[in-house]
Amino acid sequence: MNMRVPQLSFEPADELAALCKAGGDPLRLNVLRALANDSFGVLELAQIFAIGQSGMSHHLKVLAQAGLVATRREGNAIFYRRALAQGDALGGTLHAALLSEADGLALPAEAQARIAEVHARRAATSRDFFARTAASFQAQQDLIAGLPQYRDSVLALLDALDLAHEATALEVGPGDGSFLPELARRFKRVTALDNSAAMLELARQRCEKHGLGNVELRLADALNDDYPGADCLVLNMVLHHFAAPAEALKQLARRVNHGGSLLISELCSHDQSWARQACGDLWLGFEQDDLARWASAAGLIPGDSQYVGLRNGFQIQVRHFAKPDEHTGPRATLTHR
Ligand SMILES: C[S@@+](CC[C@H](N)C(=O)[O-])C[C@H]1O[C@@H](n2cnc3c(N)ncnc32)[C@H](O)[C@@H]1O
């Protein structure tokens, strides 16, 4: 007699099994480790782990099916990043534990060296852009957003800080120095640090024109060179030029004195890929949540923010992040009123 056995459905278990399968491979665990603080394209990951592109695509597909990685389109390119664990969803605990265990892995030295090469290539693209285009800086800026469009928002957040008389500021990537007169007026000493000699020369001319006696200009790379910290670090439209923005925020947060502030103006996430060629942008803006998460991971506390919508469709986020005082939380002299 032919007995039909009803087929049991294991759908929820299938999901868990996909997660276990995705985690059950040393290369995939190392890919998750590499994506801890960064996002890469499939070709970059194939180079980093020295395997063929189709092999890497397969591994990424398995990770994506398990919900461990997500993609983000940046113009024509697709970047892979870790997907965040959904705490109360099925597999959420395992997902979080897997990422946390992967974080304890030391990436092979060769993979680390190739990640550094990817970052160096990205950084060189950005540096070359500003070296080539300093003469037409303002026109380039105006294609998306010029300082006049976000200046008031940055000043609103800045002026809400109780600044001590002796407070210091550091502007990373001052461009042509248009914001330096505002900083010079509000801080005892200001350092303006740029890795482009051509841009720094524009900033020097601006300081001279305005007779700014308390601004020191420094030719230095904000991420690779040494320089003193400050009570307030200002980063206007610079983060999207950094090779690895989440890591950059960690490094910059170390330059903010305890009890001090980091002010960031940035584009919100957009899909206008022409900005890469026309404005030298490495990243097409950022999600608000990503900035907050990266800042928190850097030991900063998200504070007030302002958003500016532009007529050309771009949106700007201006964000304040506080660095807690070592012992007592944000310092009375540099906290938000
Ligand atoms: C788009 S411009 C922004 C200029 C200005 N802050 C503004 O809002 O108009 C970016 C500036 O960041 C500088 N920059 C990019 N990467 C840098 C780095 N790693 N270290 C220091 N400066 C950097 C560039 O040379 C350029 O002057």
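**Where the labels come from**

Q: What does Leu200 touch, once residues up to four places away in sequence are left out?
A: Leu200 touches Asp194, Leu217 and Leu219. Keep in mind that this is a predicted model.

Q: Why is Leu200 called buried?
A: Leu200 has 23 C-beta neighbours inside 10 Å, and the cut-off for buried is 20 or more, so Leu200 counts as buried. The residue sits in helix H10, which covers residues 197-210.

Q: How far apart are Leu200 and Asp176, in sequence and in space?
A: Leu200 and Asp176 are 24 residues apart in sequence, and their C-alpha atoms are 7.0 Å apart in space.

Q: What makes Ala139 exposed?
A: Ala139 has 11 other C-beta atoms within 10 Å. The label exposed applies at 12 or fewer, so Ala139 is exposed. You'll find Ala139 in helix H7, residues 137-144.

Q: How far is Ala139 from Cys279?
A: The two are 140 residues apart in sequence, with a C-alpha to C-alpha distance of 9.7 Å.

Q: What share of the contacts joins residues at least 24 apart?
A: Among contacts between residues at least 6 apart in sequence, 68% join residues at least 24 apart.

Q: Why are H2 and H4 called roughly perpendicular?
A: Their axes cross at roughly 75 degrees and come within 10 Å. Angles of 65 to 115 degrees count as roughly perpendicular, therefore H2 and H4 get that label. Here H2 is residues 26-34 and H4 is residues 53-65. On the H2 side the contact is made by Leu27, Arg28 and Val31, and on the H4 side by His59, Val62 and Leu63. Sorted by class, that contact has four nonpolar, one polar and one charged residues.

Q: What makes H2 roughly perpendicular to H5?
A: The axes of H2 and helix H5 (residues 92-103) cross at roughly 85 degrees and come within 9 Å. With 65 to 115 degrees as the range for the label, H2 is therefore roughly perpendicular to H5. Leu29, Leu32 and Arg33 in H2 meet Leu99, Ala102 and Asp103 in H5. This contact divides into four nonpolar, no polar and two charged residues.

Q: Is Ala50 buried or exposed?
A: Ala50 has 11 other C-beta atoms within 10 Å; with the exposed label set at 12 or fewer, Ala50 is exposed.

Q: Which value does phi take in Met237?
A: Phi of Met237 is near 55 degrees, again a positive value in a residue other than glycine. Met237 is placed in the loop between strand E6 (230-236) and helix H11 (245-253).

Q: How do you know whether Met237 is buried or exposed?
A: Count the C-beta neighbours inside 10 Å: Met237 has 21. Since buried takes 20 or more, Met237 counts as buried.

Q: Which residues are closest to the ligand?
A: Gly173, Gly175, Ser196, Ala222 and Asn236 are the closest, out of 21 residues that surround the ligand. Helix H6 (109-133) and strand E4 (189-194) are the elements that give two or more residues to this shell. By class, the shell divides into 10 nonpolar, nine polar and two charged residues.

Q: Where do the domains run, and how far apart are their centres?
A: The domain assignment gives domain 1 as 11-107 and domain 2 as 132-322. Their centres, taken over C-alpha atoms, are separated by 32 Å.

Q: How many residues of domain 1 are in contact with domain 2?
A: Five residues of domain 1 are in contact with seven residues of domain 2. The domain 1 side divides into no nonpolar, three polar and two charged residues.

Q: What does the protein come to as a whole?
A: The secondary structure comes to 13 helices and nine strands. The C-alpha trace spans about 100 × 45 × 45 Å along its principal axes. Buried residues make up 37% of the 337 residues.

Notes
Residues are numbered from 1 along each chain as its sequence is written. This is a predicted model: local features need pLDDT of at least 70, side-chain atom pairs count only at pLDDT 80 or more; totals for chains, interfaces and linings use all residues. Axes are lines fitted to C-alpha atoms, for helices over the stretch in contact, and angles run from 0 to 180 degrees between N-to-C directions. Helices (H or I, at least four residues) and strands (E, at least two) are DSSP runs, numbered from the N terminus. Angles under 35 degrees count as roughly parallel, over 145 as roughly antiparallel, 65 to 115 as roughly perpendicular and the rest as oblique. Two residues are in contact if their C-beta atoms, placed from the backbone, lie within 7 Å. Ala, Val, Leu, Ile, Met, Phe, Trp, Tyr, Cys and Pro count as nonpolar, Asp, Glu, Lys and Arg as charged, and the others, Gly among them, as polar. Domain bounds come from an automatic or database domain assignment. A residue is near a molecule or strand if its C-beta atom, placed from the backbone, lies within 6 Å of it.
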